[in-house]
Amino acid sequence: MSKSVINSDKAPAAIGTYSQAIKAGNTVYLSGQIPLNPKTMELVEGFEAQTVQVFENLKSVIEAAGGSFNDVVKLNIFLTDLSHFATVNEVMGRYFQQPYPARAAIGVAALPKGAQVEMDGILVID
């Protein structure tokens, strides 16, 4: 099985030793996205805005892989404050429709660059 790197200039450049995504067969593994504005590489302000930015960053990488949010089968959400869980659900509803992907929401002590939210995922493209 071959693997290929997926890259989008509409999403933030990797800030470490990783690729935005890797495609292996028809499965795409999305690296974690934090709420960086891809043009400025600065965090956006406010939790809801950060959540929207993360989904927009993921969308850019998903589209570069030839997919859409309908192809996401697993989503992991990392939050520095689990009290924002309802906001994440509301924003997620703007991007996904049923059947929703499998999902985990995990409380963490800290995220890169002081972000409040990070997400990664897996999609399968037919």
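A salt bridge is a side-chain nitrogen of Lys or Arg within 4 Å of a carboxyl oxygen of Asp or Glu. The legends below refer to a predicted model, and the opening view turns to its salt bridges.

View B. Glu 90 counts as partly exposed, at 42% relative accessibility. The structure holds two salt bridges, and through them Glu 48, Glu 90 and Arg 94 are linked in a network.

**View C. The largest nonpolar core of the model has 26 residues.** Those with the most contacts inside this core are Leu 30, Phe 55, Leu 58, Phe 69, Leu 75, Phe 96 and Met 119. At least two core residues come from each of several elements, namely strand 3 (27-33), helix 1 (47-64), strand 4 (72-79), helix 2 (85-95) and strand 6 (117-124). Among the contributors, helix 1 gives the most to the core, with six residues. A second, separate core has five residues, including Ile 34, Phe 78, Leu 111 and Ala 115.

**View D. Met 119 is shown with the residues that it contacts.** When its neighbours within four places in sequence are left aside, Met 119 is in contact with Val 54, Phe 55, Leu 58, Leu 75 and Ile 77, and also with Ser 31, Gly 32, Gln 33, Thr 51 and Asn 76. Three of these partners, Phe 55, Leu 58 and Leu 75, are listed together with Met 119 among the residues that have the most contacts inside the largest nonpolar core.

**View E. Phe 55 takes part in a stacked aromatic pair and in an edge-to-face aromatic pair.** A search of the whole structure finds five aromatic pairs. The rings of Phe 55 and Tyr 95 have their centres 4.9 Å apart and their planes at 20°, so this pair is stacked. Since Phe 55 lies in helix 1 and Tyr 95 in helix 2, the pair ties together parts that are 40 residues apart in sequence, and both of its residues are buried. Phe 55 and Phe 96 form an edge-to-face pair, with 6.1 Å from centre to centre and 70° between the planes. Phe 96 lies in the loop between helix 2 and strand 5 (102-107), so its pairing with Phe 55 of helix 1 ties together parts that are 41 residues apart in sequence. Phe 96, like Phe 55, is buried, and one aromatic cluster is formed by Phe 55, Phe 69, Tyr 95 and Phe 96.

**View F. Asp 71 is buried yet has no salt bridge.** This residue is found in the loop between helix 1 and strand 4. The nearest side chain of opposite charge to Asp 71 is that of Lys 23, which is 9.6 Å away, whereas a salt bridge requires a distance within 4 Å. A polar atom of the Asp 71 side chain lies 2.8 Å from the backbone nitrogen of Ser 68. Not counting residues up to four places away in sequence, Asp 71 touches Ile 122, Leu 123, Val 124 and Ile 125.

**View G. Asn 57 is a buried residue of helix 1.** Its relative accessible area is 1%. Not counting residues up to four places away in sequence, Asn 57 touches Ala 11, Pro 12, Gln 33, Ile 34, Pro 35, Leu 36 and Pro 38.

**View H. Leu 82 lies in the loop between strand 4 and helix 2.** At 47% relative accessibility, Leu 82 counts as partly exposed. Beyond residues up to four places away in sequence, Leu 82 touches Ile 106 and Gly 107.

Terms used: Residues numbered from 1 in each chain as written. Predicted model: local features only at pLDDT ≥ 70, side-chain atom pairs only at ≥ 80, totals over all residues. Heavy atoms only, no water. Core = buried A, V, L, I, M, F, W, Y, C linked by side-chain atoms within 4.5 Å. Buried < 20%, exposed > 50% of the residue type's maximum accessible area, 1.4 Å probe, protein only. Helix = DSSP H or I, 4+ residues; strand = E, 2+ residues; numbered from the N terminus. Contact = heavy atoms within 4.5 Å. Lys, Arg positive; Asp, Glu negative; His and termini not counted. Polar contact = N/O pair within 3.5 Å; in protein donor to acceptor, adjacent residues only side chain to side chain. Phe/Tyr/Trp six-rings, centres within 6.5 Å; stacked < 30°, edge-to-face > 60°.
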